Amino acid sequence: MSNIKILWADDEIDLLKPQIMFLQTKGYDVTAVSNGHDAIEQAREQSFDVVFLDESMPGITGLETLPRIKAINNNLPVVMITKNEAENVMESAIGAQITDYLIKPVNPNQVLLTLKKIIDSQRLVSAATTSKYQQEFMKIFADIQSTSDYHEWIELYKKLVYWELELESNQAIEMREVLANQKADANTEFCKFIVKNYADWIQGKQKAPTMSHTLFRNKIFPKLEANVPNFVIVIDNLRFDQWKIIQPIISECFRFLQEDTFFSILPTSTHYSRNAIFAGLMPLDIEKRFPHLWKNDVDEGGKNLYEDDFLADQLRRTGNDMKYKYIKITNNNDGNSLVDNITNLLTNQLNVIVYNFVDMLSHARTEMEVLKELASDEAAYRSITRSWFLHSPLWQALRRLEDRKINLIFTTDHGTVRVQRPSKVVGDRETTSNLRYKHGRNLQYNNKEVLEFRRPSDVKLPTPNVSSTFIFAKEDTFFAYPNNYNYYVNYFRNTFQHGGISLEEIIVPIAHFSSK
């Protein structure tokens with residue numbers, strides 16, 4: 001404690017000698033002054049860690065001294081000490097950015113506790129968080145080995161994300177590394193779980209989780225309200241951990257009702273999963289129902305141009321025919337137009353807004369060195385996502401609805417995973433270029449590193465060629481061709497990709513809010 005310096009300003013400073021001596025015996029360095037002018041002068045001349053400031057000093061009061069000290073060092077914690085418990089005094093002090101306040105007479109233990117809260121809170125919280133995670137470690141380890149159904153995997157993944165965010169916020173660096181290893185182990189076991197069960201889910205041989213093609217039927221249509229406008233927001237490529245750091249922003253303006261999840265279909269990519277969401281059908285069934293609209297990977301043109309048509313068909317097919325509007329935001333101009341026109345959507349029973357940003361962020365991070373620096377790991381990637389959302393036209397538009405009675409659902413199409421390990425794949429010129437899934441003829445690959453479907457129709461995927469095989473990367477692997485192998489491995493390693501099998505890509509959020 002010898003490095004902690006305290007400035008204490010009080011016109012009755014002589015009466016406070018017992019408290020000051022008590023702090024000095026605890027190792028604190030206390031500079032005592034009797035008026036606001038001296039406090040300001042000391043703040044200019046020295047660096048302090050905390051200021052104790054009497055509210056009712058003669059000359060200039062504590063409330064008058066406070067902004068002058070803040071002008072010298074805005075980050076300096078200030079504790080207001082007052083005899084006055086009047087509410088307006090407290091509001092003035094809090095409005096002036098005090099860190100805490102104490103009511104006279106103060107005793108030494110009160111002061112010590114306040115210092116602990118200010119100086120040691122981060123360290124103490126970090127230690128407590130680390131201790132709690134250490135206690136939870138063996139239970140998580142056991143759960144990873146024993147989890148056997150999709151409900152348990154959802155809860156385990158939520159738990160891993162919870163601890164990831166807790167340890168990150170409390171700067172528990174060593175424990176974060178331990179958790180990262182646990183998360184990798186969980187992904188290994190989760191991939192085995194998907195390999196074992198995915199085809200049976202799609203073929204209806206066993207009960208499946210809600211997936212992309214059943215999302216509207218199971219988790220959106222039942223939440224729509226008849227007498228208020230319903231807004232469904234689909235933020236592309238949003239992982240569960242990214243959702244958790246923007247959820248508190250939304251909860252400030254809208255009443256949080258429920259958080260849920262669903263499983264993205266394979267491939268975990270916009271082309272497949274989001275079309276399946278809006279059509280309410282698996283890709284093979286979309287191709288059969290809309291042969292003129294479905295495009296395979298090798299076909300020219302955009303692959304998600306007909307989501308509006310698919311949604312309209314699903315609404316009619318399921319007996320949910322209603323006045324609706326589908327809007328896709330792909331650039332800032334579209335976003336600004338949404339801000340200007342959001343209230344015009346209140347006449348629709350259903351408004352679906354697809355916001356393409358996070359997917360662009362992940363692709364741009366691969367290609368731009370500056371974004372690789374800004375989003376160097378998961379924590380930084382989350383931080384950029386939060387910053388984007390907070391300042392996005394999407395949030396500006398939704399803020400214009402906070403005083404209106406609406407029903408609000410947030411979701412996504414799939415997540416993304418940071419890839420680390422290359423897996424060699426050889427294919428002909430018709431082989432797709434995706435890093436986390438591929439399909440083509442005569443593919444050569446390591447069977448142990450992929451989930452393969454030699455008959456794509458078994459999992460309701462189109463077959464562009466008679467002999468096409470689909471393969472999916474597991475855990476944090478990515479596919480690389482032998483040509484220029486080292487160059488491409490170095491280029492794509494540590495980038496965020498999607499299309500394959502991982503907790504981050506498959507288990508994704510859907511959340512329900514209403515007006516406050």
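Helices H1 and H5 are oblique to each other. Keep in mind that this is a predicted model.

Let's start with that pair. Two packed helices are described by the angle between their axes and the distance between the axes. H1 covers residues 17-25, and H5 covers residues 108-119. Their axes come within 9 Å. They cross at roughly 50 degrees.

Which residues meet? From H1, we have Gln 19, Phe 22 and Leu 23. From H5, we have Pro 108, Asn 109, Val 111, Leu 112 and Leu 115. By class, that contact has six nonpolar residues, two polar ones and no charged ones.

Now the backbone. Most residues other than glycine have a negative phi, and most peptide bonds are trans. Here are some exceptions.

Take the cis bonds. One runs from Lys 104 to Pro 105, with omega near -5 degrees. Pro 105 sits in the loop between strand S5 and H5. Another cis bond joins Leu 266 to Pro 267, with omega near -5 degrees. Pro 267 is in the loop between strand S7 and helix H11.

Next, positive phi. Asn 442 has phi near 55 degrees. This residue lies in the loop between strands S13 and S14. Buried or exposed? Asn 442 is exposed, at 64% relative accessible area. Lys 460 also has phi near 55 degrees. Its loop links strands S15 and S16. Lys 460 is partly exposed, at 26% relative accessibility.

Terms used
Residues are numbered from 1 along each chain as its sequence is written. This is a predicted model: local features need pLDDT of at least 70, side-chain atom pairs count only at pLDDT 80 or more; totals for chains, interfaces and linings use all residues. Side-chain values use heavy atoms; hydrogens and water are left out. Axes are lines fitted to C-alpha atoms, for helices over the stretch in contact, and angles run from 0 to 180 degrees between N-to-C directions. Helices (H or I, at least four residues) and strands (E, at least two) are DSSP runs, numbered from the N terminus. Angles under 35 degrees count as roughly parallel, over 145 as roughly antiparallel, 65 to 115 as roughly perpendicular and the rest as oblique. Contact means heavy atoms within 4.5 Å. Ala, Val, Leu, Ile, Met, Phe, Trp, Tyr, Cys and Pro count as nonpolar, Asp, Glu, Lys and Arg as charged, and the others, Gly among them, as polar. Buried means under 20% relative accessible area, exposed over 50%, partly exposed in between (1.4 Å probe, protein chains only).
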